[in-house]
Amino acid sequence: MLSRTPAEVSAHAAGAPDLPVLDAGIADCFACPRLVAWREEVAAVRRASFREQSYWGRPVPGFGPAGAAIGILGLAPAAHGGNRTGRVFTGDRSGDVLFAALHRAGLANQPTSVAADDGLELSHTRIFAAVRCAPPDNKPLPVERDTCAPWLHRELDLISPTLRVVVALGAFAWAAWWPAMTAVYGRRPPVPRPKFGHGAQVSVPGTPDLLGSYHVSQQNTFTGRLTPGMLDEILGRAKQSAGLA
Ligand code: SF4
């Protein structure tokens, strides 16, 4: 079912009875004209090293089991990563870092994520983004963030029976959590809102814990701002919050 307006996004997200229907609805979303144009342009022009490949060029659904206890919330797909392969954090350097860490933590069956059919499986963990289309310069507009939010909120709603902790990768994901908390759990965020920081943790009764991590972007990992050890520590804490350690 195609979504071409914010009202259609809200209606189709709210009406999705399970994750497969939700994922299919996300992949058929055309509600943000700027992002639709960008994702399709990137898919048509392609990067030289991927010129022989067909890009996905659509919104990227979440990935991981329905009964996840740990949620990992990113910003948006990468132009030549998720927007190319069709799977979140797959086929780019950010994903290399993230999935290697998930594998070390025992939450992924392999340390790499290169293509949607590469056999990767996650345990207890589902990964999703606040905005489902690759944005120019990795910067969605506020209106795009708000238009896309119902997809995230319904995804959280569907996994809420098992979800115990959400790891927010970066300040954008951290900020996206507060409206989700209200929409999904009916709880008001703390006032003032807790500040994002690497290792920051917020526990509000009746909601999953929120755990902040620097984003796994190349900018952070190449400069050493986020090291593999730092990510291991975050995932260890997430497992503890989820009752998995
Ligand atoms: S960003 Fe979200 S709401 Fe906008 S077109 Fe993509 S999937 Fe649809």
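Q: How does the lining of the largest pocket divide by class?
A: In this predicted model, the lining of the largest pocket has 15 nonpolar, 13 polar and seven charged residues.

Q: What volume does that pocket have?
A: The volume of the largest pocket is about 840 Å³. Of the 35 residues that line the pocket, Ala78, Ser94, Asn138, Ser217 and Gln218 are the closest to its centre.

Q: And which helices supply at least two residues of the lining there?
A: Two that do so are α5, spanning 93-104, and α8, spanning 218-222.

Q: Changing topic: how many cavities of 30 Å³ or more does a search of the whole structure find?
A: The search finds one cavity of that kind. About 90 Å³ of space lies in the largest cavity.

Q: Which residues are the closest to the centre of that cavity?
A: They are Cys29, Cys32, Cys133, Cys148 and Trp151, out of 16 residues that line the largest cavity. The elements that give two or more residues to this lining are α3 (33-45) and α6 (142-159).

Q: Which element gives the most?
A: That is α6, with four residues in the lining of the largest cavity.

Q: What about the classes in the lining of the largest cavity?
A: The lining of the largest cavity comprises 12 nonpolar residues, one polar residue and three charged residues.

Q: Where is the ligand?
A: The ligand takes up the space of the largest cavity.

Q: Which residues are around the ligand, then?
A: The residues around the ligand are Cys29, Ala31, Cys32, Leu35, Arg39, Pro59, Val131, Arg132, Cys133, Thr147, Cys148 and Trp151. By class, this shell has nine nonpolar, one polar and two charged residues.

Q: Why does cysteine 148 count as buried?
A: Cysteine 148 counts as buried because its relative accessibility is 9%. The cut-off is again under 20%.

Conventions:
Residues are numbered from 1 along each chain as its sequence is written. This is a predicted model: local features need pLDDT of at least 70, side-chain atom pairs count only at pLDDT 80 or more; totals for chains, interfaces and linings use all residues. Side-chain values use heavy atoms; hydrogens and water are left out. On a 1 Å grid over the protein atoms alone, a cavity is a set of points where a 1.4 Å probe fits but cannot get out, and a pocket is an open set with protein on both sides within 12 Å along at least five of seven lines; lining residues have an atom within 4 Å of a point. Grid points are joined across faces, edges and corners, and a volume is the space filled by probe spheres set on the points. Ala, Val, Leu, Ile, Met, Phe, Trp, Tyr, Cys and Pro count as nonpolar, Asp, Glu, Lys and Arg as charged, and the others, Gly among them, as polar. A residue is near a molecule or strand if one of its heavy atoms lies within 4 Å of it. A molecule sits in a cavity or pocket if more than half of its atoms lie within 2 Å of its grid points. Buried means under 20% relative accessible area, exposed over 50%, partly exposed in between (1.4 Å probe, protein chains only).
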